[in-house]
Every structure is written in structure tokens, then in C-alpha cells.
Amino acid sequence: MAKNMLRLQITTPEAVKIDEDVDMVIMRCLTGDMGILPNHEPVSAMLDIGILRIFNGELERRMAVFGGIAQVNDNVVTILANDAQWPEDIDFAFVQSERDRIARRSKEDLDDLEIQRDHVLMRRTLVQIEVSSYPILSKIEDNGQEKRLS
Amino acid sequence: MSSMKAIKKRITSVNSTKKIMKAMNLVSASKLQKAKSRLDHIRPMFENMALVMDSIKKSISPDVKIDFAQVRDVQNSAYIILTSDRGLCGSFNTNVSKEALAFIEANSRDKNESILAVGTKGWDYFRRRGKNITYRCLGSSEATSFADAEQLGHKAANMYRSGEVDEVFIIYTHFESILTHIPYIVKLLPISTEPSDETDQDRPIEMTFDPDPKTFFKDAIPMYLNTTIYGAMLESAVCELASRMTSMDSATRNAAEIIDDLTLEYNRKRQGMITQEITEIVTGANALN
């Protein structure tokens, strides 16, 4: 029997981010993380700002997704995101300076709307930082494993 | 009969106009390339969105009340009309504005209309006809950003939700090819709950929603609106540029024709003058003998 795979399609207004077969997807929904394996029941979910984890064999990739709609149907995962970024799309230095700027602002006297907006921005930048440091972290982990093996 | 000097002057002026039009043709050709690639990028999202919405429509039970799908007694309608900010693009603006006007007049006999105009040209067109324009978005027709679409979508959604309007239409130009642009009229709100694809209507999908359907739709439909509007804006932008490119191209060719005609007239006049001078000299010489 052919191996069961999921078809993952992520589209944003700017581009098609990914369109390929994968083993498993874990996505951050409004109600928490949702893991999708082949033959999942049909589901429509709202995505939160968070990290999307894509598993393919031994390989795990991560992506920052900033809200959208996900639909699982017939082993096809369709994600319509407002915006999505691969680690290499993220300007790490800029994101870090953004985080510091927002953190400084939080000490100022702001009205509710501004606080709310800053809150969303902060979550965005934190997700971006986490995603962009992931490839480096995973490389360190891999190296550690190799050392232990040898 | 214009003098030779006047003809010369006209040739120079037509020539410089021709140069400008040639440059505009080239500029819009390169802008068109860029806009076209952006349109190609959003089309998959557009199509996926339609698919997702379709399968959702098939799976919701009729007793779920969705905010944006309630068909109300229509008193007020809103129309989003996409035109360009700048002219010199052939019949692009007239076509879409005329279509919109005809539709509005046919549709809102005893209803109030409010117009959300994108682009200076459309705004001007409907203002001169004394229509009620409630919102205008200027300066974004060529370089459309998703933020513009979001703003417009937000505005439309709020108008519908607050009961200010009972239906929302979008009127834009659909890009078929460089030479064919078709004005489209699409009903945005209320969202029809009928699946557009009737062939497999008989097999409903049992779908779970996360969170519950009501909350899901509250967030999903604005996003659907924004994407649809953004797609329409891009289509419009591509049409505008394509239309400008072709009209500038034909204008350049017309200018070349005019220059040819004028040069011919100029040469004929010059020839006539020379002949006249020779005749004068010869008659003068004959008189002396």
C-alpha cells in the first residue's frame, strides 16, 4: 500500500509558500495546537499567530504564520494565511530591534487600542524570533547527536 | 493654407508628443509585467479561498446563523467601484463606470445607494452624477497593497454589520488578456449559502469547526472579503496598465501617421515655392532680353 501522505498547500496574498506532500503538520489554532496526520477528519479552523511545524520523514521545518484559515479535507491541508514567513524570509536584526522598541514603549502611557496593537505586534515579533532561530538551534542539536554517536 | 513655418512647428510638437507617448508605453509595459506577476501570485489563494468557502458551505447545517449570510429586506445597497487614478488609459474607466452606473440604476429603483469609490476617475464620474459617495480610496490604483484591501473590506463589513447597508456589490474589471477586459459585478454580502458547484451538492461533508461555527465565520468571512477585494484590485490594476499600454501604442502610431502627412505637405509646399521662384527668375530674365 502506498504510504499515506498529506498534501500541504499554504497560500498568502503575496505568494504560494509551499505545495508538497508531508507526513504531519502541527498548526497553532485559536484554541491551541492541532496536529494533523493523514486521514484526519474534515475540519476548518482559524489560525492564530504562531509557528507551523511541518514534518517530513526525519526533517522538521518551521514557519511563522500570522493568522488565517486552515482546512483539512480528503488528506489535503489548505492554509490561507494573511502572511507567512520561512526562517530565511525574516530579517533577524530588524525583528529584534522591533521587539526592543515595543518593549520600551510598554513603559509609556498608552491607551487601550495602542496597547492591544502592541500586544499583537509583540507576539508577531516573538514568533518571528523563535522561527528564525530554529534552523540554528536544530543544527546545534544535530551536531550534539553526531558527537554522541561517535 | 498654413505657412511652412507653422507646419514645421506642428511637426516638432507632434514629434515631442510622440516621444512622451512612446515613453509612457514602455513604462506601462514594464509596470504591467510586475502587476501581472503579482496577480499570478494571488490567483492560487483566490482559487483556494473559493474552494474552502465552497466546502464550508456544503458542510454547515442550516440552523447555524451566520452574521454575514442573513438575507435582509434590502433598503440600502453599497457598491465598491474600482477605477484608476490617472487617465490616458483608453476606455478603461468609462467602461467600468458605465457598467456600474447602469447596474446601480437598474438595481436600486427605490433603494438608497452608497458608493465606495476606489480611484480618482470613478470618484469624479459618480460625483458629477450626484451619487452618494460614502468612502473614497485614492492613490492606490496602480500599486495596490493588501492593507488598502483590508481597509476597504473592513469598511464594507462594518457597514453591513451595523445595518447601514443590506447588500454589498463590487464592480471591477476582469483581466482576460492584454486586449480583453471585462467589467465584472460580484455580490460580496450577504454571502450566498448555496454552493456554486452544483454537481456534488448531494454529498455533504461532515466538517468540524474550530472554534465553533459562529466564531469561525465571524473571523473567516472578513478574511474572505479582504482577499476577494484584493484580488479584484489587482485585476483592475493589471487591466488599467494593459489598457494604457495598448492605447499609448496606438497613439504613438497615430502620431507617426500625422507626422508623415505633415512632412508630405511641407515638402509639397517647399517644392511649390522653388518652382515659383524659378518661374519668377526665368520671367525676369526673359523680360531683360
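User: In which sense do E5(A) and strand E6 (residues 208–210) of chain B pair?

Analyst: First, a heads-up: this is a predicted model, where local features need pLDDT of at least 70, side-chain atom pairs count only at pLDDT 80 or more, and totals for chains, interfaces and linings use all residues. Residues are numbered from 1 along each chain as its sequence is written, while chains are lettered from A and ligands numbered from 1 in the order in which they are written. Strands (E, at least two residues) and helices (H or I, at least four) are DSSP runs numbered from the N terminus, and two strands pair if DSSP finds at least two bridges between them. E5(A) and E6(B) have three bridges, and the sense of their pairing is parallel.

User: Which residue is the bridge partner of Val43(A) in E6(B)?

Analyst: E6(B) covers residues 208–210 and pairs with E5(A). Within E6(B), Val43(A) has as its bridge partner Thr208(B).

User: How many residues of chain B are in contact with chain A?

Analyst: Contact here means that the C-beta atoms of two residues, placed from the backbone, lie within 7 Å. Chain A puts 22 residues into this meeting, and on the chain B side the number is 23.

User: And which element gives the largest share of the side of chain A that touches chain B?

Analyst: With 22 residues of chain A in contact with chain B, the elements giving two or more are strands E1 (6–11), E5 (43–56), E6 (59–73) and E7 (76–81) of chain A. The largest share is four residues, and it comes from E5(A).

User: Is Ile36(A) buried or exposed?

Analyst: Ile36(A) is found in strand E4 (residues 32–36) of chain A. Leaving aside neighbours within four places in sequence, its contacts are Leu6(A), Met24(A), Val25(A), Val72(A) and Val77(A). The call rests on other C-beta atoms, placed from the backbone, within 10 Å of a residue's own: 20 or more is buried, 12 or fewer is exposed, and in between is partly exposed. Ile36(A) has 20 C-beta neighbours inside 10 Å, so it counts as buried.

User: How far apart in space are Ile36(A) and Val25(A)?

Analyst: These two are in contact. They sit 11 residues apart in sequence, yet from C-alpha to C-alpha the distance is 5.2 Å.

User: Over in chain B, what is the order of the open sheet of five strands?

Analyst: Inside this sheet, E1(B) and E2(B) run parallel and are joined by seven bridges. One bridge puts Ser77(B) with Glu113(B), and Ala78(B) stands opposite Ser114(B). The pairing across the sheet is mixed, and the strand order is E3-E2-E1-E4-E5.

User: How much of E1(B) is buried?

Analyst: E1(B) has seven residues, and it is largely enclosed by the rest of the structure. The number of its residues that are buried is five.

User: At about what angle does H3(B) run to E2(B)?

Analyst: Helix H3 (residues 120–128) of chain B has buried residues, including Trp123(B), Tyr125(B) and Phe126(B). What covers its buried residues includes strands E1 (76–82), E2 (112–118) and E3 (133–137) and helix H2 (92–107) of chain B. H3(B) lies across E1, E2 and E3 of chain B, and its angle to E2(B) is about 150°.

User: How is H1(B) oriented relative to H5(B)?

Analyst: Axes are lines fitted to C-alpha atoms, for helices over the stretch in contact, and angles between N-to-C directions run from 0 to 180 degrees. Under 35 degrees counts as roughly parallel, over 145 as roughly antiparallel, 65 to 115 as roughly perpendicular, and the rest as oblique. The axes of H1 (residues 4–59) and H5 (residues 213–288) of chain B come within 5 Å and cross at roughly 160°. That crossing makes H1(B), relative to H5(B), roughly antiparallel.

User: What about H4(B) and H5(B): how do they lie to each other?

Analyst: Helix H4 (residues 146–161) of chain B packs against H5(B) with the axes 8 Å apart and an angle of about 130°. The relation of H4(B) to H5(B) is therefore oblique.
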